[in-house]
Every structure is written in structure tokens, then in C-alpha cells.
Amino acid sequence: MLIAGFPAGAWGTNCYLVAPAAGEECVIIDPGHQAAPGVEEAVRKHRLKPVAVVLTHGHIDHVASVVPVCGAHDVPAWIHPDDRYMMSDPEKGIGRAIGMPLMGELTVGEPADVRELADGTRLDLAGLHLTVAHAPGHTKGSVTFGLPEAADVPPVFFSGDLLFAGSIGRTDLPGGDTAELLDSLARVCLPLDDSTVVLAGHGPQTTIGQERATNPYLRQVAVDRPGRGTADAPRRGM
């Protein structure tokens, strides 16, 4: 399997291109602010053919390049219906104006083909089998994507802004809810095998085993599955 990832734009949001191997079809995950050049570089370097864009949630730092990337490759974008409005109205998703200089660099709106994600479905794209889990808390429409273990790699979990190395996503923006996020951690993350590689929306990769042992939020929900508690550590993401 090939996974090419890079941090993009003002928020350092991780964008990933995933393919069975170099020279094959690929899926693009979260092409955010200023991600289009990095996407094109990875496509050329690995001789990839994009077939879809999939989005973990609708915040502008994860969707800012969806329109140009989808347009350049004539591919659909997949997003949960609860976050779809943010593609056309990003300021509503963060509860404040983004700022005119930054807005001048964005292509706000939906690509020509938008498809909606649902909890528990499997997307069969580019020879990959992505399992979708609805994981609200950071936003109402946050999702994660899971890839099963393959011959050359352990299971992979694209956590978006649900789970980071040592932390979790913020919940103080519109649609955020701490109790929902902790419940999503318990429901979506705790059942995963310790060997599962976590590729988050921001920051370095980690594993479920590492986070189960050291992440104060995941440790808390392992004891308190309903998602109530007061663990305190810095949170990340928009």
C-alpha cells in the first residue's frame, strides 16, 4: 500500500493520498488550505490517478482545496451531510470571519459532484476498502476512515480531528460537543487493535496502542465509556 501525506497551508492540516501501490488509482483525504500543489506533486511523483476526494469533516482547513482538486481530476467529493454546508459557507463552521487576506486564497463552494457519507458504510474506491465511522464531537458531521490490515501494513485509521498524538480535537467551535467527542472516542477508537496506525488531521502519526497507554482522553474513556470526565491536555486542530 502507498500512503503519501503532507501538512498543508496555514493550519498545517495533513492531506493524504492513498493507493494500493504506485502507478495506480488513489483516494485523496482532506485537501485543505493550499493543498493543491502538494497533491499534484504527489500524483506526479507516484504516477497516481485520483478517483475521489473523501473528507473527515467540513472545516475550511480540511476542505479549502476540494474544488480545484476535484475539478483538476474530474472526481467526486464525499462528506457527511451534517458538515456539507461548510463547503459553501466556511465562516459558519468556525463562528467568525476567516479574514480577507486568507479568504482571497480560497475557492469557496462545492465541486460539481458531491456525495454523502453514512456511518458504517464501506467505500470501495481505487481498490481500497474504506470503512466510514460517524464520529461527532469536533463537528456534527465528523467521520473517520479505516483501512483493514494488508499484507505489507497493519490496519490504518484516518482519525481526522477526533484523535491526535497525545490529544483530541477542540470542541469550542460551532457544532462541537465535548461529551459527544468523548463518546466517539470510546465507540470508534477503543475497539481498534493496538497495532492500528493513526494518521490524524494534524501532527505526527501514532498508534492506538500508544494512545491507549498515554493519551489522557483515551485513557479516561477506557474507564468511563459514557464519555464523562475532566481529563485536561492541550487540544489541537481548527
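1. For the classes used below, Ala, Val, Leu, Ile, Met, Phe, Trp, Tyr, Cys and Pro count as nonpolar, Asp, Glu, Lys and Arg as charged, and the others, Gly among them, as polar. The structure under discussion is a predicted model, and by these classes the lining of its largest pocket has ten nonpolar, six polar and three charged residues.

2. That largest pocket holds about 240 Å³ of space, and 19 residues line it, with Thr 131, Ala 133, Phe 145, Gly 146 and Leu 192 lying nearest its centre. Two or more lining residues come from each of strand S8 (128-134), strand S9 (143-147), strand S10 (156-160) and helix H7 (178-189).

3. Strands S8, S9 and S10 also belong to an open sheet of six strands, whose order is S7-S8-S9-S10-S13-S14 and whose pairing is mixed. At its edges stand strand S7 (122-125) and strand S14 (206-207), each of which pairs on one side only.

4. As a reminder for the reader, strands of a sheet pair through backbone hydrogen bonds, either parallel or antiparallel. In the case of S7 and S8 the two strands run antiparallel and are joined by four bridges, and Leu 123 stands opposite Leu 130 in S8.

5. Turning to the chain as a whole, there are nine helices and 14 strands, and 53% of the 238 residues count as buried. Among contacts with a separation of 6 or more, 63% are made by residues 24 or more positions apart. The chain exposes about 9,700 Å², of which carbon and sulfur atoms supply 51%.

How values were computed:
Residues numbered from 1 in each chain as written. Predicted model: local features only at pLDDT ≥ 70, side-chain atom pairs only at ≥ 80, totals over all residues. Heavy atoms only, no water. 1 Å grid on protein atoms, 1.4 Å probe; cavity = no way out; pocket = protein on both sides within 12 Å on 5 of 7 lines; lining within 4 Å. Points joined across faces, edges and corners; volume = space filled by probe spheres on them. Buried < 20%, exposed > 50% of the residue type's maximum accessible area, 1.4 Å probe, protein only. Contact = heavy atoms within 4.5 Å. Areas by Shrake-Rupley, 256 points an atom, 1.4 Å probe, with all protein chains shown as cover. Pairing = 2+ DSSP bridges.
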